[in-house]
Amino acid sequence: QLQLVESGGALVQPGGSLRLSCAASGFSVDYKNMGWFRQAPGKEREGVSCISSGGSTNYADSVKDRFTISRDNAKNTVYLQMNSLKADDTAVYYCAASVLDTSCSLRVAAGAYALWGQGTQVTVSS
């Protein structure tokens with residue numbers, strides 16, 4: 001079975017840090033582009049970060065220099081390290097796997113993300 005399961009979402013204060021995990025089953029994350037997306041109430045789903053099979057990464061301008069995407073092939077898990085969190089980062093965060101393996105995109109259609117997790121809630125509030 002192909003499956004992605006996110007975890008690590010929590011309530012955190014502004015300026016704090018959080019690490020999200022995306023555990024994959026049924027395929028190897030090192031063979032596909034992987035991405036993190038988020039959706040806040042009343043907003044469209046937004047691409048946050050992605051990583052290609054070769055290790056190249058892409059970030060939304062809003063999270064650049066604050067978030068870091070990484071991959072642990074031995075654990076078949078993708079991570080999103082989030083630092084200096086802001087209230088605007090509050091959203092449900094989704095992990096996704098692409099059918100592609102190069103030049104990852106933060107656009108859902110262009111990135112060909114075919115497999116999605118159920119999401120994990122991140123709330124940034126004082």
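**Close-up views of a predicted chain**

Figure 1. Arg45 is found in the loop that joins strands E4 and E5. Helices (H or I, at least four residues) and strands (E, at least two) are DSSP runs, numbered from the N terminus. The model is predicted, so local features are given only at pLDDT of at least 70 and side-chain atom pairs only at pLDDT 80 or more, while totals for chains, interfaces and linings use all residues. Residues are numbered from 1 along each chain as its sequence is written, and side-chain values use heavy atoms, with hydrogens and water left out. With a relative accessibility of 34%, Arg45 counts as partly exposed; buried means under 20% relative accessible area, exposed over 50%, and partly exposed in between (1.4 Å probe, protein chains only). Not counting residues up to four places away in sequence, Arg45 touches Phe37, Arg38, Gln39, Tyr94 and Trp116, where contact means heavy atoms within 4.5 Å. Ser103 is 58 residues from Arg45 along the chain, and their C-alpha atoms are separated by 20 Å.

**Figure 2. The chain as a whole.** One helix and 11 strands make up the elements of the chain. Their order along the sequence is β-β-β-β-β-β-β-β-β-α-β-β. The C-alpha atoms occupy a box of roughly 40 × 25 × 25 Å along the principal axes. The radius of gyration is 13 Å, which agrees with the value near 14 Å that a compact globule of 126 residues would have; this radius is taken over C-alpha atoms, and the globule rule is 2.2 Å times the number of residues to the power 0.38. Of the 126 residues, 44% are buried. Of the contacts between residues at least 6 apart in sequence, 59% join residues at least 24 apart.

**Figure 3. The largest nonpolar core.** A nonpolar core is a set of buried Ala, Val, Leu, Ile, Met, Phe, Trp, Tyr and Cys residues joined through side-chain atoms within 4.5 Å. The largest one holds 35 residues, and the members that touch the most others are Leu4, Met34, Trp36, Leu80, Met82 and Tyr93. Two or more core residues come from each of strands E3 (18–25), E4 (34–39), E5 (46–51), E7 (67–72), E8 (77–82), E9 (91–98), E10 (113–116) and E11 (120–124). Strand E9 gives the largest share, five residues. In soluble globular proteins, nonpolar side chains tend to be buried together.

**Figure 4. Contacts of Tyr93.** Tyr93 is one of the core residues that touch the most other members. Leaving aside neighbours within four places in sequence, Tyr93 is in contact with Glu6, Leu20, Trp36, Phe37, Arg38, Val48, Phe67, Leu80, Met82, Gly119, Thr120 and Val122.

**Figure 5. Asp65 and Arg66 in one loop.** Asp65 belongs to the loop between strand E6 (57–59) and E7, and Arg66 is also placed between E6 and E7. Asp65 has a relative accessible area of 77% and is therefore exposed, whereas Arg66, at 10% relative accessibility, counts as buried. Phi of Asp65 is near 75 degrees, a positive value in a residue other than glycine. Most residues other than glycine have a negative phi. Beyond its neighbours within four places in sequence, Arg66 is in contact with Gln81, Met82, Asn83, Ser84, Leu85, Lys86 and Asp89. Ser17 is located in the loop between strand E2 (11–12) and E3. Its relative accessibility of 41% makes Ser17 partly exposed. Leaving aside neighbours within four places in sequence, Ser17 is in contact with Val12, Gln81, Met82, Asn83, Ser84 and Leu85. Ala74 is 57 residues from Ser17 in sequence and 24 Å from Ser17 in space, C-alpha to C-alpha.

Figure 6. Ser103 is placed in the loop between E9 and helix H1 (108–111). At 64% relative accessibility, Ser103 counts as exposed. The phi angle of Ser103, near 45 degrees, is positive in a residue other than glycine. Ser126 sits in the segment after E11 and counts as exposed at 85% relative accessibility. Ser126 and Met82 are 44 residues apart in sequence, with 17 Å between them in space, C-alpha to C-alpha.
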